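Reader: Please take a close look at one strand of this structure and its bridges. Then place it beside the other parts that can be described.

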Amino acid sequence: MKNMNVQRWGTLLLGALGGVVIALGLWSLGDLGAASAPAEAADLPAPVAAAGVVWEETITPFLSQKASLELAPADEVHVANAPDMPPPITRTDQRIVEVHFDVVENVATIDPQSGVEFETWGYKIAGDDTPVIGTPGPVIRARVGDVFRFTVTNPPTNTHPHNVDFHAVTGQGGGAADTVVAPGETATIEARLLYPGVFMYHCAFGDVPEHIAHGMYGGIVVDPEEPLPAADKEFYIVQSEYYTDSLEAGLSELDRDALFDEEPSMVVFNGTKGALTENPLEINVGDRARFYFVNAGIDLDSNFHPIGSHWDAVWQEGATYSPPIRGSQTTLVPAGGGVVADLIGQVPSRIVLVDHALTRAFYKGAIGFVDVAGSPNPEIFEAIKSP
Ligand SMILES: [Cu+2]
């Protein structure tokens with residue numbers, strides 16, 4: 001996509017030149033105004049164009065003809081189960097990326113410590129024998145401009161129709177209208193991935209909050225044409241809510257009053273309470289760790305914070321075409337949104353990932369650990385007097 005880079009920078013240059021022309025025009029208008037205005041108005045500074053604001057007519061890539069596209073290389077990985085990420089897409093051309101999901105309906109233990117069980121619905125990689133409860137669904141990874149050929153199968157043993165709305169897909173309902181599958185049915189869509197970023201997907205069939213409350217969501221990462229700076233470790237985390245009518249051991253039911261009132265009984269990372277505390281993520285001192293984070297909601301915004309660290313870089317709203325902000329403490333992730341956030345392992349420690357609405361972290365499950373291994377660095381931290 002060398003041509004695209006040239007085109008993009010050309011557009012930027014034209015935009016910048018346009019800004020200068022507008023600024024000069026406004027400046028000369030201001031000058032004219034000053035000549036005929038009362039004396040006090042003449043003291044006002046001349047208007048100038050806002051520095052650094054360049055408008056690009058479009059940020060979607062030039063699309064190679066769909067009929068000319070080949071399948072992505074056989075060794076390129078496009079799906080993974082949380083908290084793993086497939087490696088970044090390194091090719092520079094557009095391809096067809098094929099992904100096949102099976103719908104999962106089962107009963108799962110969503111809090112192993114207390115033994116709370118719940119009827120969970122979700123998605124799994126078709127043909128994958130890894131034991132998963134299907135929530136969150138697998139992460140998908142492709143490259144902007146790719147054709148995303150997605151197939152979903154609802155096994156005949158299931159009892160409900162389902163579908164998928166991809167926030168990365170441009171088309172009716174993000175694909176939901178054309179992926180409705182009753183038990184025993186299979187559907188396929190092809191969609192052009194027009195924007196890079198990290199996006200939510202979810203079931204959007206029937207009583208949509210009910211389907212999401214049972215666990216039908218996940219994330220899709222669309223890599224930009226110009227890759228992000230390399231990270232040493234990458235992780236996939238989904239925040240979500242359960243509305244159970246009980247927190248006791250055994251099967252709980254969906255609490256519809258709590259769902260209506262937007263008062264979840266559990267707020268979790270990666271589908272079960274304790275998923276990332278029983279199995280901490282591991283990095284080393286010096287690592288840049290990147291989190292592809294989706295807030296599936298249903299209802300709560302997430303205040304994503306790494307206790308004992310910083311977000312070194314944050315691509316807000318997961319919009320990776322735009323530059324990141326640097327050096328943030330807590331990033332706000334709306335329900336139905338995502339973020340790409342980096343931290344750097346600076347000293348050996350346990351970094352605690354939380355939704356910093358801390359009731360959710362300490363009482364409801366929105367907490368996870370990142371264990372940083374390596375040598376201490378007293379230049380950055382040391383305890384001077386232990387009690
Ligand atoms: Cu569904």
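**A strand and its pairing**

Author: Ile 283 has Val 372 in S21 as its bridge partner. The model is predicted: local features need pLDDT of at least 70 and side-chain atom pairs count only at pLDDT 80 or more, while totals for chains, interfaces and linings use all residues. Residues are numbered from 1 along each chain as its sequence is written, and side-chain values use heavy atoms, with hydrogens and water left out.

Strands here are DSSP runs (E, at least two residues), as are helices (H or I, at least four), numbered from the N terminus; two strands pair if DSSP finds at least two bridges between them. Strand S13 (residues 281–284) runs parallel to S21, with four bridges. Strand S20 (residues 349–355) is paired with S21 in the antiparallel sense, over six bridges; there Ile 351 has Val 370 of S21 as its bridge partner. Strands of a sheet pair through backbone hydrogen bonds, in either sense. S21 itself spans residues 367–373 and is mostly covered, with five of its seven residues buried (under 20% relative accessible area, with a 1.4 Å probe and protein chains only).

Elsewhere, six strands form an open sheet of mixed pairing, in the order S12-S10-S14-S19-S16-S17. Strands S12 (266–269) and S17 (325–328) are at its edges with a single partner strand each, so one side of each has no neighbour in the sheet. S10 (residues 233–242) and S12 run antiparallel, joined by four bridges, and Glu 241 stands opposite Val 267 in S12.

The copper ion has four protein donors (N, O or S atoms within 2.8 Å of the metal, or 3.2 Å for Na, K and Ca; water is not among the atoms, so sites may look incomplete). These are His 162 (ND1), Cys 203 (SG), His 211 (ND1) and Met 216 (SD), at 2.0 to 2.5 Å. His 162 lies in the loop between strand S5 (147–153) and strand S6 (165–166), and His 211 in helix H2 (residues 208–213), so the pair ties together parts that are 49 residues apart in sequence. Both His 162 and His 211 are buried.

As for confidence, pLDDT (the predictor's confidence in each residue, from 0 to 100) has a mean of 90 for the protein chain, and 87% of its residues reach 70 or more. Over residues 1–42 pLDDT stays under 50. Where pLDDT is low, the predicted coordinates should not be read in detail.

Methods: Buried means under 20% relative accessible area, exposed over 50%, partly exposed in between (1.4 Å probe, protein chains only). Contact means heavy atoms within 4.5 Å.
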